[in-house]
Amino acid sequence: MKLQHVLLTILFTVIPQAILFSAGENVQVLYNQALAQSYGNECDKAVETAQDIISENSSNADYYEILYNCFGKAKIDIEGYLFALAQRDVNNALPYYALGKYYVTEKNYDEAIRVLKKAYELDRKYLNIPYYIAYAYLKAEKVTEGYAYFAQLDDKIWSKAIGVTLLKVMHENNIESIKELEQLFKEHADSWQLADKIRHFYFQLNENEQAIVWSYAALKIAQENHDDRNIADSLSAVAAHSINTGDIIVAREYSARAADKWEETGDKMQAAEWYKNTAMCVLDDGRINEALGLYKKALDISRENNFDMKLCLINNSIGFTYIAQLGEYEKAMPYFQDAMEYCEIMKKKYLTLSGMSSVYLNTGKLKESKVALDEARELLGDKTSTFEESTLLSHECSYYAAIEDWRTAEEKCNKLLDLPVKSLLTQMINNYINAKLYYRIGKYERTIEYVTKSKDMADLIEQFPYQWRTRLLLADSFQKTGKIDDAISLYRQAMQFIEKGRQEAGTAQFRMLFSQNVNDVYDHYLKALLKKYQMTDSKDDRSATSLLEEAFAVAEKAKGRTLLDMLFKEKELYAIEDTPEMKKVISKITTLQSRIRSIAGAAAESSKLAGLKEELHRAYDEYQLLKEIAEGTPNGVNAFAANISLSDIQKSIPEHAALLEFKMMQDEGSCFIINKDKVAWVNIPDIKDLERAIDAMTMQIASPSRASKGPLHVASFDLFRLLMRPVLEKACAAKLLIIVPDGMLNNIPFEAITVRPPISHEIPGYLVQRHAIVYAPSAYIYHALVQRSKTAISSEKDGVGKNLLAVADPAYEGTFLEQVRSTYELNQPLGRLQFSRKEVESIGKMAAFSTEQMIGEKATEADLKEALHKKYAYLHFAVHGIVNVREPGLSGLILTPGSKNEDGVFQLFEIEKLSIASQLVFLSACNSATGRIYSGEGMIGLSTAFIRAGAQRVIGTMWTIDDYSTSELVYEFYKSIANANADYAEALRNAQLSIMKQPRYSHPYYWASFRLIGIN
């Protein structure tokens, strides 16, 4: 006996176990920890943990499996340790079983056979013991002896099924020998181990259909025996084999069931694995936010249990989801950074580096992208698998194309195509990458060749993202080669895939990001239609009219779809579920905001503050994810939008009005002019000049302290010349303009565009002096709001009449405002709004309104939320507004901080849950009509939140406003409504005209900031 063996034997037999190990340890927790360590190659730690487990509970084979995973990797004497265990507990088969497996690993097959036989003599219930005996005989080339050994056993099922037949299956490795196992199963139909082993052998022969059949058989037996671990194992098997056969629906269902069952058994490692696998299945179905939710659930389990391997893989999966599916590179980077921490000891670090290189590449950091790629290449070396090489080459191809090193890019792409790849998915992606390269270098015939192959593969395996992407690239290539009809047909197909995906996406946030990612399809399709329209000989021809109508529909489908969907959902369908997870994340957001506010402005805490803000953004991401999953998309939500026609929109447009629908693209723009009985279109060619004019105007207009209005008038007239003159010529002398801005036009106060050249002695003529103006996110939304107003409860029936709630002059204590200013990184100082009280009191004196006021100490967030349970025709807020461009949901209105449960900021994500049904919400607050501009959605901010909450229209502001002049403008607005009963656009116009007549307020800064959004 080896000396180490003797010492270990003495150790276990002489020293009481209670001294060696804490009997209070949770065995399952230790098991999860040890398993994670073993998978993460931390074998020394894994063995130490396994020792603790086995000392406390030595009757489960899974615990010995941990040691087996670490054979040859841990520094301790595994052989001696297992020998000592066997000496301590002479009737326990498991140490001998594990020792036998160790000898198999060491290729000491004779010793393995001897020790495994000993284990089987001690306990015949473990199916895997005779399996390894058979395996050892086979590897020792003693097949005949193996048959003889199993034939002499007296237990029928094990001698026949596991001995002779199993050895035959392993030796001959064919279906005929597996059939013998199937016959034996008929005699022993209650053996889960036998059913599972048959499943396993079919899988080894790549017979996945049969493997699924036996997975179901094993599952049935496990359920009858109420064996949770075997149930979980069989559910996992069904899911895994269904993935291999491409049956994603079944795979998704059984992956989810497996994950839940593994969690129920307490096996957190397997639970995390199968939540991850479920996410992959859900992702394949296009349900991206649901997939992210599952990934993050797996991430939370892994983080709680220190599963380093899982933390590496899942962070990578989330990062690549943000990149590949959503194009959200900035959101991907934190997950890759987290993955780096956990992938240090794993080869998967190359995958993380590849992902990081893609983020750098798409955010303009070319140097950093190259460094990450070089590190990944060095890490893999020359000996890489096909998958690893494919991943790295695809990123290298993208990098060299980005720096326009076409020769190297083509070389990398050709290597990519030469790889011996069996997976159709990988072949599809590789062909697409090559096609993109050839398109960029102008070889369109080669592009068509490769992208056609990629498209056909995408259709065959139903890869939705590539079904529209390949059609877009193919259509663009046909455009370049002059085949415009073929291009239009393919653009139409691509958009049909996108519309289907949008309806099946399941969440509003996904649809918003989805619009950003696919906007090129709408833009390219629109340009092709308008090009064909311009080529049509007669504009009166029906085909020309049809092209124009189709072009308008395409422009509309790229605008405001998320808000439109929400307008026609019943409130209860998208109310956030009151779940523990939602309460937890909202509490986390509130706590983080409080902590940020408490240290905001302290220079010594700057690094801590940055970390907290990043944590807040991630908490808000989590909130948004939970909200969107809770909302879902009931069938038919998009039916309203799908059925809106151009004639429907024309019916919603008032007499003497024109709807101006702008669509800005990369190198040109368009405007559709729609009247009651006419549709026209103008091209906007000078995009660069237009951008310069917009920049000049926005820079000048937001400051009343400019010495001269001259530069402002020059820029403003340039906007008229480049943008509005050709449009107004076709607007049929409309008195009301319904403006649907797009892209950079969202930042323009159209009211302040001058319609006359800037002559020094002449007062400029502003657009608002000729037209009343109302804004809408899209023509469809304008029409939807008109329809909603017709079905809304009438003021008389509701009993609100001109009932008005006004909130003003919140009372701010101590450093509250300074903390808020620093927290939101606001440039302007925040102070007490002394004239806002006067503003509200002047409204209250108007007999036409029944006004309730919340002023000063009474203007708390808690009291406001309570008051909003009552219906009001008008809501008026004369308070500070804050805008968070990065996360619009954290924008809000600053109120009196007066409740332990409320932080004093009424945020967008709280507003959009309201049900207010108000005729008007007037946001007399800075920047309340601004927000984040999403491609394909428009401006998302406080104004759209109140419209979503039920308001028919909102008046907000485009910049920081003057307290005193605003109070006068507000008074004039409400006076116009109360006395003249004017419509809302005309009332706002009258108020603006009244203010501009006062010399000290003639600068557009004082009056042009106010914007009416919604319907007139």
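The axes of helices α16 and α17 (residues 268–284) approach within 8 Å and cross at roughly 160°. This angle makes α16 roughly antiparallel to α17, because angles over 145 degrees fall in that class. The crossing of α16 and α17 is left-handed. The model is a predicted one, and the values that follow are to be read accordingly.

K261 pairs with D228, and the closest N and O atoms lie 3.5 Å apart. The burial of the two partners was examined in turn. K261 has a relative accessibility of 15% and therefore counts as buried, since the cut-off for burial is under 20%. D228 has a relative accessible area of 31%, so it is partly exposed.

The crossing of α21 past α23 is left-handed.

At 1.5 Å a residue, its 17 residues should span 24 Å. The end C-alpha atoms of α23 are 24 Å apart, in agreement with that expectation. The helix is mostly covered, with 13 of its 17 residues buried. Just after α23, E404 adopts a positive phi of about 60°.

The bond joins C397 to C413, with an S to S distance of 1.9 Å. The angle about the S-S bond is -50°, and the link of C397 and C413 is left-handed. C397 lies in α23 (residues 386–402) and C413 in helix α24, so the pair ties together parts that are 16 residues apart in sequence. Both C397 and C413 are buried.

C281 has a relative accessible area of 4% and is buried. C671 is buried too, with a relative accessible area of 0%. Both values fall below the cut-off, because burial requires under 20%.

K415 pairs with E411, the closest N and O atoms being 3.8 Å apart. K415 and E411 stand 4 residues apart in α24, so about one helical turn separates them. K415 is partly exposed, with a relative accessible area of 42%. E411 is partly exposed at 40% relative accessibility.

Charged pairs were also counted over the model. The total comes to 35 salt bridges. One network of salt bridges links R377, E389, E396 and K412.

Another salt bridge joins D809 and R837, with an N to O distance of 3.0 Å. This pair, too, links distant parts of the chain. D809 is in the loop between β6 (803–808) and α41 (816–823), whereas R837 is in helix α42 (residues 834–844). The two residues are 28 residues apart. Their accessibilities fall in separate classes. D809 counts as buried, because its relative accessibility is 4%. R837 is partly exposed, because its relative accessible area is 31%.

The last element considered is helix α8 (residues 109–122). At 1.5 Å a residue, its 14 residues should span 20 Å. The end C-alpha atoms of α8 are 20 Å apart, which agrees. Buried positions in α8 are Y109, A112, I113, V115, L116, A119 and Y120.

Conventions. Residues are numbered from 1 along each chain as its sequence is written. This is a predicted model: local features need pLDDT of at least 70, side-chain atom pairs count only at pLDDT 80 or more; totals for chains, interfaces and linings use all residues. Side-chain values use heavy atoms; hydrogens and water are left out. The expected span of a helix is 1.5 Å times one less than its number of residues. Buried means under 20% relative accessible area, exposed over 50%, partly exposed in between (1.4 Å probe, protein chains only). A salt bridge is a side-chain nitrogen of Lys or Arg within 4 Å of a carboxyl oxygen of Asp or Glu. A disulfide is a pair of cysteine sulfur atoms within 2.5 Å. Axes are lines fitted to C-alpha atoms, for helices over the stretch in contact, and angles run from 0 to 180 degrees between N-to-C directions. Angles under 35 degrees count as roughly parallel, over 145 as roughly antiparallel, 65 to 115 as roughly perpendicular and the rest as oblique. A crossing is left-handed if the near helix is turned anticlockwise from the far one by less than a right angle, and right-handed if clockwise.
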